[in-house]
Amino acid sequence: MAGIFGGFQKLYNYTLMSLDAKTDLIVLNEGENADNSSDLVDAMSLSKELQQSFLKLKGRFLSEDGKSVNYTGIRNSTEFSELEEKAQKFKFIDLGTLQELEKKALYLNLYNIMTIHALVRSKPVKSVLDLTLFWKKMSYNIGGHIVSLDILEHGLIRGNRPHPTSKKSLLPDDSELLKYTVKELDPRIHFALNCGAKSCPAIRIYTAENIETALESAAKLFCSTEVSIDVDTNTITLSQILEWYGVDFGSNKNEVVKRISAFLSPEEMGKLEKIPVEKRNIQYKKYDWGLNSA
């Protein structure tokens, strides 16, 4: 498997070397609540409040297609201040009250919000890779648990499956967070998580009610721009996301292609069917790690 999906390892050398190292976490939602309250907050109600605040921010500071972000404009905006206030309340929620679809929607929104929050509060950079240990350090206090971007993605959203650069799960066997993982891995989450790079999927807002149709739409949109098929050369070019996280889609390259074929347009599906499996030349498009700034 490492030979098939090993492209991530070179890019994330520094992550692998420090997976077990003590890291100074940056908890973005520290500080006192605006109302100075420490009472428990209803998780579903707060999730819906977050969606509304995120919708306001998205409408003003994200491009229409959700692919780029005006980080400079966000920094001193009232919309961002409101979002930060909502984020502080997440210290007092009980994740155990959420159903599976509610958890999945909340975690996807939180990941994208945390990424924007972290990039707004960090020094200006040309790429998220310029920020050392970005996914390992940037965190929220969620229900009394310090949850980094890595733990949110690999521990909670991917059901504690290992980071692509490691064989080790991020959450130990005695972690209380294991109770709050998404139980069934949905590979379409990779078409929803935005890490601040130009090649990342578009940012959307997910709800428990729309998550099935929204993820299906996100998958089709992503594949329409990041998957290409050349019948003349038998070449199938995929996003590197499908190399790094191929294990979430299938046990080999052809299984990955089969899984994502459901998201292709009829035209691209027609091209794929013309290429015999044994003649496929599967390649990966170089990932653009440039910051997705507007």
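Is Tyr 287 buried or exposed, and at what relative accessibility? Tyr 287 counts as buried, because its relative accessibility is 8% (buried means under 20% relative accessible area, exposed over 50%, partly exposed in between, with a 1.4 Å probe and protein chains only). Here are my notes on the rest, in numbered points.

1. A word on the basis. This is a predicted model, in which local features need pLDDT of at least 70 and side-chain atom pairs count only at pLDDT 80 or more, while totals for chains, interfaces and linings use all residues. Residues are numbered from 1 along each chain as its sequence is written, and side-chain values use heavy atoms, with hydrogens and water left out.

2. Aromatic pairs. The structure holds 8 aromatic pairs (rings of Phe, Tyr and Trp, the last by its six-membered ring, pair if their centres lie within 6.5 Å; planes under 30 degrees apart count as stacked, over 60 as edge-to-face and the rest as tilted). One of them joins Phe 191 and Phe 222, which is tilted because the planes stand at 35°, with the ring centres 5.3 Å apart. This pair links distant parts of the chain, 31 residues apart: Phe 191 sits in the loop between helix H8 (149-157) and helix H9 (211-226), and Phe 222 in helix H9. Helices (H or I, at least four residues) and strands (E, at least two) are DSSP runs, numbered from the N terminus. Both Phe 191 and Phe 222 are buried.

3. The aromatic cluster. Back to Tyr 287: with Trp 289 it forms a tilted pair, 4.9 Å centre to centre and 55° between the planes. Trp 289 is buried too, with a relative accessible area of 9%. Tyr 287 and Trp 289 belong to one aromatic cluster with Phe 134, Trp 135 and Trp 244.

4. The S4-S5-S6 sheet. Here 3 strands form an open sheet in the order S4-S5-S6, with mixed pairing (two strands pair if DSSP finds at least two bridges between them). S4 and S6 are the edge strands, each with a single partner, so one side of each has no neighbour in the sheet. Direction ignored, neighbouring strands of this sheet are turned by 20° against each other on average. Strand S5 (residues 235-239) runs parallel to S6, and 5 bridges connect them. Among the bridge partners, Thr 235 goes with Asn 281 in S6, and Thr 237 with Gln 283.

5. Two faces of S6. In a regular strand the side chains alternate between the two faces of the sheet. Strand S6 (residues 281-285) has Ile 282 and Tyr 284 on a covered face, and Asn 281, Gln 283 and Lys 285 on an uncovered one.

6. Strand S2 and its partners. All of strand S2 (residues 138-142) is covered, with 5 of its 5 residues buried. Met 138, Tyr 140 and Ile 142 point one way, Ser 139 and Asn 141 the other, and all are buried. Strand S1 (residues 26-27) runs parallel to S2 and is joined to it by 2 bridges, with Ile 26 opposite Met 138. S2 and strand S3 (residues 145-148) are antiparallel and joined by 4 bridges; Ile 142 has His 145 in S3 as its bridge partner. The hairpin of S2 and S3 has 2 residues between the strands, and Gly 143 takes a positive phi near 60° there.

7. Please look at two asparagines. Asn 160 has a positive phi of about 65° although it is not a glycine; this residue lies in the loop between H8 and H9 and counts as buried at 12% relative accessibility. Asn 234 also has a positive phi, near 60°, and is placed in the loop between strand S4 (228-230) and S5.

8. Helix packing. The axes of helix H3 (residues 43-61) and helix H5 (residues 78-89) come within 9 Å and cross at roughly 160° (axes are lines fitted to C-alpha atoms, for helices over the stretch in contact, and angles run from 0 to 180 degrees between N-to-C directions). H3 is therefore roughly antiparallel to H5 (angles under 35 degrees count as roughly parallel, over 145 as roughly antiparallel, 65 to 115 as roughly perpendicular and the rest as oblique).

9. Cysteines. The structure holds 0 disulfides (a disulfide is a pair of cysteine sulfur atoms within 2.5 Å). Cys 195 counts as buried at 9% relative accessibility, and Cys 200 at 2%.
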